[in-house]
Amino acid sequence: MNIHEYQGKQILKSFGVNVQEGIVADTPEQAVEAAKQLKINYNSDWVVIKAQIHAGGRGKGGGVKLAKNLEEVKQRATDIIGMQLVTPQTGPEGKLVSKILVAQDVYYPGASETKEYYISVLLDRAKGRNIIMYSTEGGMDIEEVAEHTPHLIFKEEIDPKVGLQGFQARKIAFNLGVSGAAHKEMVKFVTALYKAYEATDSSMFEINPVLKTSDDKVIAVDAKVNLDENALFRHADYAAMRDVTEEDPMEVEASASNLNFVNLDGNVGCMVNGAGLAMATMDIIKLAGGEPANFLDVGGTANAQTVKAAFNIILKDPNVKAILINIFGGIVRCDRVAQGVIDAYQEIGNIPVPIICRLQGTNAEEAKKLIDESGLKVYSAIALKEAADLVTKVLAN
Ligand code: GDP
Ligand code: MN
């Protein structure tokens, strides 16, 4: 689950990571009040107005703007709130900005003495290790740094059993080229950042840029945080940070129905039980000449209710030209699934795309018979190859 920059900074702060301080606002008036408060708290006249959307590259898209007085705060806030912000990560349609973060300007004074770094903590699933990735080239697109100057990106592997060791934090500060008071600050920063990552069960904490200020403080100017959804039950306060307006509406609806669903770009919708079979089904669709429109795992209970919820979600996608149902009846009996498909079909009424229903396992023959005799526009299959051929056939029509 992704969260906003201001929420990520709240979490970081609670673990003792220094952050660029700020106050969230929904309206230009609130932004002005926030700027007044920041002046009282931090004695800074200049503030930055930062669009809060779940996407990076906001600066490039005009979503991060400096304001030097209250007049400018109001103006910039008015410009940014309600804008459809397009960044390299949003796609061409952009994202609607409904909140901004009014933050202290941390690049003053003596901007020439400030320096930006990149630091992230992430999970390397293949290695079974956490990785701290860091670079002297902060503030830039890290993908670009990786492409053009890969030698400027460092990686430190952390064994999750022993955690981040002191020598590792010092090595990172050394490789980043910071010395003196800033070195100490950097070690503290990295240590607290890793602690935050670990204690929140996150899969990513990306801070770009990390800023060394002219007075040798080290602070997080940005925060991109990905919390592991499977661990959210341990963190009710973080679960409440979810912003469903930032998520794919189809995926939000699916998760409300307990369906494991990922929206994709293709033309064949699929409804499958079990994540492994769902992956295999996506391969079959490709082999049959189609492209999967989604990944959908209905889980163990493929009854009329879940099948209906799944149909409704898949049919929202205008690109879908066919639906492949691929259910293995191990615990659940195929004839019951078939009846579920028939019931759901009849309840929804006229489904405008052909359906291929492949049921294999307990009572597969009975299931096929039920489908064939239902009189509905559902093609039945038992073997996978048969189902794939049917997909090819319906797509050709
Ligand atoms: P992103 O573009 O979505 O990654 O948003 P960031 O929070 O990283 O901000 C983008 C850029 O805005 C940073 O790389 C900085 O160069 C600039 N910026 C952020 N905060 C400040 C600030 O307090 N003062 C000034 N002058 N620039 C800032
Ligand atoms: Mn950034």
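**Strand pairing, buried polar residues and a manganese site**

Leu359 of strand E17 is the bridge partner of Ile327. The model is predicted; local features require pLDDT of at least 70, side-chain atom pairs count only at pLDDT 80 or more, and totals for chains, interfaces and linings use all residues. Residues are numbered from 1 along each chain as its sequence is written, chains are lettered from A and ligands numbered from 1 in the order in which they are written, and side-chain values rest on heavy atoms, with hydrogens and water left out.

The protein chain holds 13 helices and 18 strands. These are DSSP runs numbered from the N terminus (helices H or I, at least four residues; strands E, at least two). Along the principal axes, the C-alpha atoms of the protein chain fill a box of roughly 80 × 50 × 40 Å. Of its 397 residues, 48% are buried. Buried means under 20% relative accessible area, exposed over 50%, and partly exposed in between (1.4 Å probe, protein chains only). Among contacts (heavy atoms within 4.5 Å) with a separation of 6 or more, 67% link residues 24 or more positions apart. Three domains divide the protein chain: domain 1 (1-19 + 108-247), domain 2 (21-105) and domain 3 (248-396). Their bounds come from an automatic or database domain assignment. Between the C-alpha centres of domain 2 and domain 3 the distance is 45 Å.

Strand E17 spans residues 355-361 and is mostly covered, with five of its seven residues buried. E17 runs parallel to strand E16 (residues 322-329), and seven bridges join the two. Strands count as paired if DSSP finds at least two bridges between them. Together with helix H11 (residues 334-348), E16 and E17 form a right-handed β-α-β unit. Right-handed here means that, with the strands pointing away from the viewer, the path from the first strand over the helix to the second runs clockwise. E17 also pairs in the parallel sense with strand E18 (residues 378-381), over four bridges. Here Arg358 stands opposite Ala381 in E18. Helix H12 (residues 364-373) carries the chain from E17 to E18, and this β-α-β crossover is right-handed.

Asn273 sits in the loop between strand E14 (268-272) and helix H9 (275-287). Its relative accessibility is 12%, so Asn273 counts as buried. A polar atom of the Asn273 side chain lies 2.9 Å from the backbone oxygen of Phe328. Neighbours within four places in sequence aside, Asn273 is in contact with Asp297, Val298, Gly299, Asn326, Ile327, Phe328 and Val332.

Thr200 occupies the loop between helix H6 (180-199) and E10. With 1% relative accessibility, Thr200 counts as buried. A polar atom of its side chain lies 2.6 Å from the backbone oxygen of Ala196. The side chains of Thr200 and Ser202 are joined by a polar contact of 2.8 Å. Such a contact is a pair of N or O atoms within 3.5 Å; within protein, one must be able to donate a hydrogen and the other to accept it, and residues adjacent in sequence count only if both atoms are side-chain atoms. Residues up to four places away in sequence not counted, Thr200 touches Ile11, Phe15, Phe205, Leu227, His235 and Tyr238.

Asn208 (O) and Asp222 (OD) coordinate the manganese ion (ligand 2), at 2.2 Å. Asn208 belongs to strand E10 (residues 202-212) and Asp222 to the loop between strand E11 (218-220) and strand E12 (224-227), so the pair ties together parts that are 14 residues apart in sequence. Both Asn208 and Asp222 are buried. Donors are N, O and S atoms within 2.8 Å of the metal (3.2 Å for Na, K and Ca); water is not among the atoms, so sites may look incomplete.
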